Amino acid sequence: MKAAQEVDLGKEAVKKLFFMLAIPAILSQLVNALYNMVDRMYIGHIADVGATALTGVGVCFPIIMIISAFAQLVGTGGAPRASIFMGRGDDKSAEKILGNCFTSLLLCSIILTIVVIVFQKPLLLAFGASENTLPYAQQYMFIYALGTLFVQMTLGMNAFISAQGFSKISMLTVVIGAITNIVLDPILIFVLKLGVQGAALATVLSQGISCVWVLCFLNGSKTRLHLHKANMRIQTKILLPCIALGTAPFIMQATESLLVLCFNSSLLRYGGDLAVGAMTILSSLMQFAMLPLSGFTQGAQPIISYNYGANQAKRVKQAFRILMISCLSYAAIMWLICMAVPQLPTAVFTSDVALSDITIWAIRIYMAGSILMGAQIACQQTFIALGNAKTSAFLALFRKILVLIPLIYLLPMFFTDKVFAVFLAEPIADTLAVMTTVILFVRYFRNLLQDMEAKETHSYEECDALNEYHESME
């Protein structure tokens, strides 16, 4: 394995460090999105059954997102806590977190594999599979379920690589999987004529190679944290705080499927297939637009967590400021594009005139509050980086479950244009969520920094007193 150079999360210039970590994270997010699109393109071009097969595989994605959410629950919850302990110089505790999370991911993989294989038919039917698409969905889902272990380990353990500042190694995890998938897809789908099963097998094999890459690195000489058998016995006092911290990203990922169902059911009732088609484009656009924001937060998380653990208030404050400016700037650019030239992102997804017309009209409504999402993402993810599990979990529930989903069904009662009302739920929920998040964050962050600065002052006073004592003894 090629040698890697660990960045110094506690001493390197914060601005330089942020972009060193964020840029590879953003690239890996974009690469991941790209190869998912290529995967669907190959499936869509299967002779005679491409459209039906693509629809069948599409039905699998909500289940796949839920499977991935469990990796977020463990990995994204454990990694910030490991960074915090590393900042305190307590690598032993950080390695215990790594070992406990590894075992948890292993157990999750076994349980999820059994559940998905046994209940795949009712699950697929619940997420919209029809008599025509169900066979293709089952073919894809069965093979994918067998590779759940690779998915869980790759996503969950890769978070611990990022947490140590190895952003390039973390990026290569995604790139290796993407390139392998893109190469294997046409071979397995068309050359070996495995069809949808070939696409699933390509995904599983590519995740398997990424998994080997991650585990080799975490057992190698370049990593600061290592996997040790002694740390793999689950201890509730170590694991439960990680699970609590991972609840917010778990909710955010797992509820995406529920959100799609709510939007689609309401839009189908009031606007028919065209409105549902527009929503499909809007949700894809929103997910793609959020990728750089996710990359920014992945870049900032190790810096904030490590320096919080090291009690360096100035560096924590500086890292958050850079994160907030970056997120707000990007969100403003995306908002401006959607408001000024909505036909540009629409053209990427469809050339159908009727679908384009409703999508262009809907983008300006649906994305109206996206300019505020930079603040929402920056604050909410910083709560996670600082180990604040309760607030981060509440905010994840607040926006989607407590505000957005009820608004999807309530707003049409008060508007003549029901479709407009459904799309309007998104910016209203965004605005309320941002206001709530920022108010909670400002108060929390101010108190946190004051406490950290007080500890620093106390430490300095103790040092001065100790120095005076030694001088008097001399």
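Q: How does threonine 255 count, buried or exposed?

A: The general idea is a scale of relative accessible area: buried means under 20%, exposed over 50%, and partly exposed in between (1.4 Å probe, protein chains only). Threonine 255 has 11% relative accessibility, so this residue counts as buried. This is a predicted model, in which local features need pLDDT of at least 70 and side-chain atom pairs count only at pLDDT 80 or more, while totals for chains, interfaces and linings use all residues. Residues are numbered from 1 along each chain as its sequence is written, and side-chain values use heavy atoms, leaving out hydrogens and water.

Q: Where is threonine 255 found, and which residues does it touch?

A: Helices (H or I, at least four residues) and strands (E, at least two) are DSSP runs, numbered from the N terminus. Threonine 255 belongs to helix 8. Contact means heavy atoms within 4.5 Å; setting aside residues up to four places away in sequence, threonine 255 touches Lys400 and Ile401.

Q: And how does valine 31 count?

A: Valine 31 sits in helix 1 (residues 14-44). Its relative accessibility is 26%, so it counts as partly exposed. Beyond its neighbours within four places in sequence, valine 31 is in contact with Val174, Val175 and Ala178.

Q: How are two packed helices described?

A: By the angle between their axes and the distance between those axes. Axes are lines fitted to C-alpha atoms, for helices over the stretch in contact, with angles running from 0 to 180 degrees between N-to-C directions. Here, the axes of helix 8 (residues 236-309) and helix 12 (residues 373-385) come within 8 Å and cross at roughly 50 degrees. Helix 8 and helix 12 are therefore oblique to each other (under 35 degrees is roughly parallel, over 145 roughly antiparallel, 65 to 115 roughly perpendicular, and the rest oblique).

Q: Which residues in helix 8 and helix 12 meet?

A: Among them are Leu245, Met252 and Thr297 in helix 8, and Ile377, Gln380 and Ala385 in helix 12.

Q: Which residues touch the most other members of the largest nonpolar core?

A: A nonpolar core is a set of buried Ala, Val, Leu, Ile, Met, Phe, Trp, Tyr and Cys residues joined through side-chain atoms within 4.5 Å. In the largest one, with 69 residues, Met157 and Phe296 touch the most other members. Helix 9 (residues 313-340) supplies the largest share of this core, 10 residues. Apart from it lies another core of 35 residues, including Cys262 and Leu407.
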